[in-house]
Amino acid sequence: MTGADGTPLIVAALLLPLAGAAIAFAMPRTTRWVGIATAVVLLAVVVMLCGAVGAGGELSHAVGGWGAPLGIALRVDGLSAAMLLTTAAVSLAVAAYGRSYFRDESAGPAGFTPLSMLLIAGLNALFVSGDLFNVYVTLEVLGLSAAALVARAGTPEALTGAMRYLLVTVAASLVYLLGVALLYHLTGTLDIRLVGARLESGAAAWSAVGLIGAAMLLKSAVFPLHFWLPPAHANAPAPVSALLSALVVKASLYVLLRVWLDVLPAARADFGAVVGALGCAAVLWGSTQALRQDQLKLLVAYSTVAQVGYLFIPFAFTSAAAAGTAWRGAVYLVLCHALAKTAMFMSVGNIQLFGGDRIGELDRVVQRLPLTMAAFAVAGITVAGLPPSGGFVAKWLILEAAVQEGRWFVSAVVLVGGLLASIYVFRVIGPAFTKGAQPRQPRRVPNAMEWVAFAVALATVLLGFFGMPLLELIDAGAPFGNALEPER
Amino acid sequence: MSALTLLLDALLAGTLVWVAARALAAAELVTGIALFIAFGLLMTIVWVRLSAPDVALAEAGIGTGLTGALLFAALARLRRAGAPDNRGENGDE
Amino acid sequence: MNATFLLPVLILLSSLVPGMIIFFLPEEWRTARTALNLFGAVLKVLLVGLVALGIASGEAYETRLPLVPGVDLALVIDPLAILLSVLSAVLWLVTTIYAVGYLEGSPDRSRFFGFFSICVTATVGVAMAGNLVTFLLFYELLTLSTYPLVVHRGTEVARRAGRAYLFYTLTGGVLLLAGIAWLYGIAGTLEFAPRGFLSELPADVHPELTAIFVLLIAGVGVKAALVPLHGWLPQAMVAPAPVSALLHAVAVVKAGAFGIVRIVQNVYGVEFSEELGVAGPLAAVASVTIVYGSLRALQQNDLKRRLAFSTVSQVSYIALGVAIAGPIASIGGLVHLVHQGIMKITLFFCAGNFAETLGVHKVDEMRGVGRRMPWTTGAFTVAACGMIGLPPLAGFVSKWYLGLGAAAVGDSWVILILIVSGLLNAGYFLPILYIAWFEAPPEPAEQTPRSGGRLETSWQLLLPPVATAALTLIVGLFAAAPWSPLRWVQLVASLGFAE
Amino acid sequence: MSDAHAAAGALAARALLWIVLAGAGAMLATAVLSLPEDGLGLADETLADLGRTGVEHPVTAVLMNYRAYDTLLEMAVLFLALVGVWSMAEARPRPTAPPGLVLQFLTQLLVPFLILFAGYLLWAGAHEPGGAFQAGAVLAAAGVLVTLSGAQLPSVPRALHRSLLLLGLVTFAAAGVAVQLGGGAFLEFPPSAAKALILAIEAAAGISIGLGLVAIFEGGRPSEPESAPR
Amino acid sequence: MTGAELYALTGIALFVIGLHGLIRYAHLMRKILALNVTGAGVFLVVAALAERGQDGTPDPVPQALVITGIVVAVAATGLALVLMLRVASATGRAELPDPRSE
């Protein structure tokens, strides 16, 4: 049961961020470097883990040595490895950026570093967990740390955003727990794979999956349930918005995907169609809303709502081949969008620090921040899914699957979404080329912040060209392969 | 399950639900929190009825005792901060 | 990693790497920037020349990088690719010299030259694309890298032009993506084949193939400025002269035309598109564009807008040539790809000189320009006559072959179109020449500070137009020479057709 | 007219809310009733291996051995809540209204007993209901009583206070890793040493939970300055 | 209708009442109370059905889950209350602005 090679890596991926948070809490003077050090070591561990998964397929580890029904099994297949890699990459970028963004703030025991480390720990624990209740606890860790991080901005809007976010995320977790309770009493176990094996469709099974689905849709801010996301993501400090938009919003998609692949009873066509339709609606609604915003961070937040919509489209596919391609595309989009959104929020953070967050007054700001503008533009290319970027590869896979299954509406939504995205990205880049008088003395933006933003944006372009190894990684352990035949 | 214990359980469950409803819809926040603590105690009894002593202890110690203390402390600070707090039955805007 | 694998990538890097470095050069480092730019340009010309020699001696150059499962990033250099690559490389070198002179003392030059080199990389990438996805990748990169050049001046007019440019090209890009995805769904492959890869598909998909054809042609038609989709080109003339010269006469517009050629020849195959019945409408649209472009050019008083509309009409010759069945017409079309580029770039260089040195923007202000700037106006005259199609010049060669091809296939109405457009060309070029040479300059115009001592303007502004005018002449006269574009196009055409 | 209209609108909204929730409730009720009668729980599996967990009481066995990883994460949640509270607020000194005589007397009487009872719960957890969380709760109750009665907590140096808060989490993780280094999986307590290990972890956890809950009750990080400048 | 199922149904009732309170009342303190009631309801459902062990001994796993749940709930409540106080001091009102206004 205990895969010998990969296991210390899995445990390291969990305990490293926790250790980082503990050190930062116990010795506040070290917060300035402990964040980055942990992030670097974590990235190294995760890369080795991905190597092991890529080579050996799924790694599993029974915590406490007990078998699946009793104890908790940790599993890392291609899907988890890809999510872990995204988390590690984004957390390194955010740690580097946060270090100078929060420089002037007193290095108290409870600053940005311990909270962000705990958030990363929650994410890693979620992506490796194979147990439904364990997922509940990790979701709580995510929710509380994200809310606390949003509140760090201190402005009234940030506090109300954080409050609403906290209430929504705790309520959604409880709804999820009720679903898990029903599943436990139906199948007598909490391990995702075993529950999937023993579950037969029936009234209780359906309502359990309905509860879990509703909870995860609420936490992913899918279209009708997205009201809490823009104020929270827009008013949080820039590195926090990056963490939230890039990672936390995707965690609930991951849970829904796990349940969808391993647990859902045979008849899933209509449940999938509903979620897919919501995804399409989210793409259109998010993009049009983003077009109407005048505040930069709200524009980027609504862009997140739109991009998350893309991730829910593959639920609508039924045939195994098309769904497999679509899911590979969606997971790859998670990686590219995470990096792009991180770069975008960082550049918006730089512009805000420099002075002025309105799109109208952008031309005054941007003459002195060419690197930040370049970062926003390059990241915008990925969000719009234009070719030289990773976003294009992901959108191409989803489009290919849609054409394979002859779903014209979905292909139209994917295309129109891309067009709308490029319009609101260029709405921001347009003023970059005009000259404007600078009304008040701008604050100097530390160039470390500009370079981090630009480096992350550049990574998205590289993902456009060197996507294949990652796409193969996503396939390791066939997360989408075996569980996808439509009729069980 | 003799009819009597079933009746008692039904009574306990009924009061529990009624207290919960009243706690949320209480006119004054103070009465709301007080009712919530009563709700906690009833929950403790329910856990005992469900032969789950550990949970009863936890519910009493943390669910009722500590949460109640936290709520009252927060209410006191809220009053000191001057925020209007007693949104009664009609206050739903 | 032998040479055949590395060369295409080297060609791309020869302009990409200098571009990236130039971005980070501070504004004052003028010499370093110019040196880097020229080094890149010369290197690219040499590399393309090397590859051309290789192709002529039967070498095959191909680079494959797995991009998406099932589709690779393929750089395949076939004779057709050489055509556009050589054109871009040579004209990039010339335009760099011109741009260095033109932008003397203006702000944001590092940013300008950075995007300039990325744009040329994209053009060469479009030329060397081995399948439709790689083509789309560089096609969109071209859009993204030309937008900052269009809005370079930063004025409100420039931004509005940029917005129009973006709206057209991004919509085109989406249409192209839709077509490609749909085609991939049906055909399963997107690799360019000498005579297209769709002919052996079953008959029941033909209506879908027609719809895909419309989508693909609309996608590339935006950049090729076919009539309904040409709106952005005249507005984009607000960009500085080197941008209008290289981009809107060579890179962007040619990428669109090149796209049409690839789609008709290497995706559908000329015979299959004839059989499918899509070649006729394409020819019709091209003809309408030719006439419409010339008519609008007549009405323009602004010199650059007149040249822009002339470009709209001239590019459709290429589409017309390809749309007409038969090898001779496509030879005419393809060779026009090169000739039109050389002639049009000369015209834009001269227009830039007139604007920069004499402050002349409008056609009616050009009285007596010939006396004041004899060399530039001379070059302008050579290029203008070439556009009209007078015999010894490049333009005549392509129109001649187009006429021959149409006659060979029996489309006599095409010859009528050629004659009408020739007259219209004369209609909007000859008055300019007349005013320039035979009318006295309005008042004793003093020389602006730009004078290069005894030359009429600085050498960087004068040498390029004269060189390209000379090139027009040489290409026209020595059309039959072994290394001329015409000979090369005949090689391409022979691959594209059965006999 | 408009406010009557608004009131009607609000009423309709509230009614709609009730209908939707009642419907969902009914659906869940039928689901619960349709659950299989024979109760497929894990009762028998837990009892079968109880011997090897080093603890007799099944619930503590589940908490501390079978699903020890859940408890570790749950300690992290508590620590996270504490860090969140500290990151958001500064503990304002409580207005020092003199505590009533009754409260003072009650505190002096109860606190020592509560601490003793907490110790007992820790020890009893192995074979009857009790354990880290219950002990922590009682300890927290004692702490709350002391703070309410206005008596200042003994001024523990800042660093020690923080490390005590971290004690539970660190011991748990350290034990898990130590066991893994000695062969076996993460948090796999060898049956021989299981009892001792679990007791140590429970003691540390109890203290941390108690202090953690009191700190959350304080509602903010202890005001500066730092205790001993290191 | 055994005792266990009765309490499970009570759990569902509490869950519904809690959600209703969370949505219906604007004051943050009431929303936090409602959250706790919802939590209690869910925990009741988790552990109630466990009581039907074959030979009468209750299934310990759900009970452990509920204990963990209760501690997580108190952590969330503690954080929510402090956040509520910050919101009240920042905006002067212990309520959330109407989300539809965005």
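**Close-up views of a predicted model**

**View 1. Chain pairs with and without contact.** Chain B and chain C do not touch, and 45 Å lies between their nearest C-alpha atoms. Chain C and chain E are likewise not joined by any contact; their closest C-alpha atoms are 28 Å apart. Six pairs of chains are in contact, and of these chains A and D share the most contacts. The structure shown in this and the following views is a predicted model.

**View 2. Helices α3 and α13 of chain A.** Helix α3 (residues 78-101) and helix α13 (residues 320-354) of chain A have axes that come within 9 Å and cross at roughly 10 degrees. Angles under 35 degrees count as roughly parallel, so α3(A) is roughly parallel to α13(A). On the α3(A) side the contact residues include Leu79(A), Met83(A), Val90(A), Tyr97(A) and Tyr101(A). Among those they meet in α13(A) are Val331(A), Leu335(A), Leu339(A), Met346(A) and Gly349(A). The residues of this contact of α3(A) with α13(A) comprise 15 nonpolar, three polar and no charged.

**View 3. The two domains of chain D.** Chain D is divided into domain 1 (1-35) and domain 2 (42-218). Taken over C-alpha atoms, the centres of domain 1 and domain 2 of chain D are separated by 42 Å.

**View 4. The largest nonpolar core.** This core holds 581 residues. Leu49(A), Leu83(C), Ala76(D), Leu83(E) and Met84(E) touch the most other members. Helix α6 (residues 156-187) of chain A gives the most to the core, with 22 residues. Domain 1 (1-35) and domain 2 (42-218) of chain D both give residues to the core, so the core lies between them.

Notes: Residues numbered from 1 in each chain as written. Chains lettered and ligands numbered in written order. Predicted model: local features only at pLDDT ≥ 70, side-chain atom pairs only at ≥ 80, totals over all residues. Axes fitted to C-alpha atoms, helices over the stretch in contact; angles between N-to-C directions. Helix = DSSP H or I, 4+ residues; strand = E, 2+ residues; numbered from the N terminus. Parallel < 35°, antiparallel > 145°, perpendicular 65-115°, else oblique. Contact = placed C-beta atoms within 7 Å. Nonpolar A, V, L, I, M, F, W, Y, C, P; charged D, E, K, R; others polar. Domains from an automatic or database assignment. Core = buried A, V, L, I, M, F, W, Y, C linked by C-beta atoms within 7 Å. Buried ≥ 20, exposed ≤ 12 C-beta atoms within 10 Å, placed from the backbone.
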